[in-house]
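Open the model in your viewer and keep the sequence panel beside it. The tour below moves from one selection to the next.

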Amino acid sequence: MTEVRPATADDVPSITAIYNHWITETHVSFDAEPQTIEERTAWFSQYAESGRYRVFVAEQNGQLVGVTYSSKFRPKASYETTVETTVVVDPAAVGLGIGRVLLSHLVEALQTEDVHRAVALIALPNQPSVTLHEQLGYRTVGIHDEVGRKFGRYWSVQIMERAFS
Ligand SMILES: CC(C)(COP(=O)(O)OP(=O)(O)OC[C@H]1O[C@@H](n2cnc3c(N)ncnc32)[C@H](O)[C@@H]1OP(=O)(O)O)[C@@H](O)C(=O)NCCC(=O)NCCS
């Protein structure tokens, strides 16, 4: 049974560990170095339990197995009704439906906020992520060609966008 709830400061070490796996082992995050608990704590401090920037975690049997969040898309003021969304699942728990439960929860929470568009930026290849976002109402609006360099090669990024009313 997967439970989704707003994240708390106590979740920061588990969130950091899950995210750092994807940073160090794969191209799906363009961070080059693992994040520290201090960096993640500073990141977490921008979030509240309402508004357009939210963080939710998924738990199974008391174990944190995934995180999803919405964050500022671009700093300039006119972008404020657009958020960037991210979803990351514990590598030991992928393919079990946790990503879908998490992202559905975030999308539902954003429905009642002043959000007009959500953008997901997906480093390719990442078919699980593309399919998941399509299932949750995101459509592909383009591909940035080879905009990232990691592990000595270039990677392209698929831009997906979801409309909110
Ligand atoms: C992408 C990610 C969040 C998906 O979460 P997940 O819990 O593994 O995915 P789910 O089990 O909820 O699957 C959702 C859908 O994705 C698709 N999917 C999942 N795994 C897949 C795979 N290996 N290949 C192709 N499609 C896949 C399926 O269509 C699935 O729907 P279905 O069960 O109805 O067939 C997860 O794999 C992950 O954390 N990956 C690394 C981080 C990342 O890439 N995050 C996204 C950055 S934008």
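Select helix H4 (127–135) and show the ligand: H4 gives the most to the shell around the ligand, with six residues. Helices (H or I, at least four residues) and strands (E, at least two) are DSSP runs, numbered from the N terminus. The model is a predicted one, in which local features need pLDDT of at least 70 and side-chain atom pairs count only at pLDDT 80 or more, while totals for chains, interfaces and linings use all residues. Numbering starts from 1 along each chain as its sequence is written.

Now widen the selection to the whole shell. It holds 22 residues, and the closest to the ligand are Val 89, Val 94, Gly 99, Arg 100 and Pro 128. E4, H3, E5 and H4 are the elements that give two or more residues to it. Colour the shell by type to find twelve nonpolar, nine polar and one charged residue. Here Ala, Val, Leu, Ile, Met, Phe, Trp, Tyr, Cys and Pro count as nonpolar, Asp, Glu, Lys and Arg as charged, and the others, Gly among them, as polar.

Next, show the strands. In what order do the strands of the open sheet lie? The order is E1-E2-E3-E4-E5-E7-E6, seven strands with mixed pairing. Two strands pair if DSSP finds at least two bridges between them. At the edges are strand E1 (3–6) and E6, each pairing on one side only. Neighbouring strands are turned by 25 degrees against each other on average, direction ignored; the angles are taken between axes, lines fitted to C-alpha atoms, on a scale from 0 to 180 degrees between N-to-C directions, with helix axes fitted over the stretch in contact.

Stay at the E6 end. Strand E6 (residues 139–150) and E7 run antiparallel, joined by eight bridges, and His 144 has Val 157 as its bridge partner in E7. The two strands form a hairpin with two residues between them, and Phe 151 in the turn has a positive phi of about 55 degrees. On to strand E5 (residues 117–123), which is joined to strand E7 (residues 153–163) by seven bridges, again antiparallel. Pick Ile 122 there; its bridge partner in E7 is Gln 158.

Move to E3 and E4, an antiparallel pair with seven bridges. Lys 72 stands opposite Val 83 in E4.

Now select Val 67 and Leu 102. These have the most contacts inside the largest nonpolar core, which has 29 residues. Such a core is a set of buried Ala, Val, Leu, Ile, Met, Phe, Trp, Tyr and Cys residues joined through C-beta atoms within 7 Å. Helix H3 (98–111) supplies the largest share, six residues. Leaving out residues up to four places away in sequence, Val 67 touches Ala 7, Ile 15, Ile 18, Val 55, Val 57 and Val 88; contact means C-beta atoms, placed from the backbone, within 7 Å.

Glu 59 lies in strand E2 and counts as partly exposed, with 17 C-beta neighbours inside 10 Å. Its contacts, not counting residues up to four places away in sequence, are Glu 3, Leu 64 and Val 65.

Methods. A residue is buried if 20 or more other C-beta atoms lie within 10 Å of its own, exposed if 12 or fewer, and partly exposed in between; C-beta atoms are placed from the backbone. Two residues are in contact if their C-beta atoms, placed from the backbone, lie within 7 Å. A residue is near a molecule or strand if its C-beta atom, placed from the backbone, lies within 6 Å of it.
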